[in-house]
Amino acid sequence: MSWDEDGTPHPLARRRSGRSEQEPDRLPEVRELEVLGWEPAPEEAAWVFLPYVWPPQARTWVPDRSTHWAVDTRLDGHGHITGVHAAPLPDPDLHDLDRETDEAVAALGLPPRPPGRLWLLRPVGPHTTVGGVLEHLRAVAAGRGVEVAASAVFMELVRAELAALAARE
């Protein structure tokens with residue numbers, strides 16, 4: 001288990017540099033990797049540890065050169081949209097998001113995540129999508145009475161189950 005601290009990004013990422021105004025899932029390198037069977041790691045808090053425990057041969061990353069947007073939507077008294085304004089999320093807000101994730105990772109006893117990475121995963125075992133793997137993991141957790149949450153118990157269950165799935169390949 002590791003964050004691949006000394007690893008290099010997927011080779012497709014090397015063709016791109018500089019900040020992009022696109023959201024993470026719209027970056028060209030992410031879309032190219034999706035065509036090759038990679039899927040962005042889930043962003044839900046319960047899965048904050050997932051790239052750490054995912055089998056190394058089925059995970060990769062690209063530098064996060066995306067822009068996160070704050071969208072302000074104005075409505076009239078009838079609930080109709082009267083205006084939309086989008087602006088890049090300010091740095092303090094980005095740092096707050098990162099801090100929350102970093103605190104959750106630390107609470108699990110994991111080393112800090114390397115900053116500035118977008119993680120991509122490939123399905124393991126008999127599953128054809130990462131979503132299928134996640135559904136399997138949820139079912140295993142439910143069967144064992146383990147809550148799907150960023151906890152040491154759930155993380156260990158996921159680590160063991162992913163290792164078992166990868167061993168079947």
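From the N terminus on, the elements run α-β-α-β-β-β-α-β-α-α. That is 5 helices and 5 strands in this predicted model. Keep the whole chain in view for a moment. Of the 169 residues, 36% count as buried. Among contacts with a separation of 6 or more, 68% join residues 24 or more positions apart.

**Stop 1: the helix pair α4 and α5**

Select residues 130-143 for α4 and residues 152-167 for α5. Two packed helices are described by the angle between their axes and the distance between the axes. Here the axes come within 10 Å and cross at roughly 125°. The two helices are therefore oblique to each other. α4 passes α5 in a right-handed crossing.

Now show side chains at the contact. On α4, pick Val133, His136, Leu137, Val140 and Ala141. On α5, pick Phe154, Leu157, Val158, Glu161, Leu162 and Leu165. Colour this contact by residue class: 9 are nonpolar, 1 is polar and 1 is charged.

**Stop 2: the aromatic rings**

Switch to the rings. The count comes to 4 aromatic pairs. A pair of aromatic rings is described by the distance of the centres and the angle of the planes.

Select Trp3 and Tyr52. Their ring centres are 5.1 Å apart. Their planes stand at 55°, so the pair is tilted; edge-to-face would need an angle over 60 degrees.

Where in the chain do Trp3 and Tyr52 sit? Trp3 belongs to the segment before α1 (28-35). Tyr52 lies in helix α2, residues 50-53.

Are Trp3 and Tyr52 buried or exposed? Both are buried.

**Stop 3**

Go to helix α1 and select Glu34. Its relative accessible area is 34%. Buried means under 20% and exposed over 50%, so Glu34 is partly exposed.

Then select Arg122 and draw a C-alpha to C-alpha distance from Glu34. How far apart are Glu34 and Arg122 in sequence and in space? They are 88 residues apart in sequence and 9.3 Å apart in space.

**Before you close the viewer**

Technical notes
Residues numbered from 1 in each chain as written. Predicted model: local features only at pLDDT ≥ 70, side-chain atom pairs only at ≥ 80, totals over all residues. Heavy atoms only, no water. Axes fitted to C-alpha atoms, helices over the stretch in contact; angles between N-to-C directions. Helix = DSSP H or I, 4+ residues; strand = E, 2+ residues; numbered from the N terminus. Parallel < 35°, antiparallel > 145°, perpendicular 65-115°, else oblique. Left-handed = near helix turned anticlockwise from the far one by under 90°. Contact = heavy atoms within 4.5 Å. Nonpolar A, V, L, I, M, F, W, Y, C, P; charged D, E, K, R; others polar. Phe/Tyr/Trp six-rings, centres within 6.5 Å; stacked < 30°, edge-to-face > 60°. Buried < 20%, exposed > 50% of the residue type's maximum accessible area, 1.4 Å probe, protein only.
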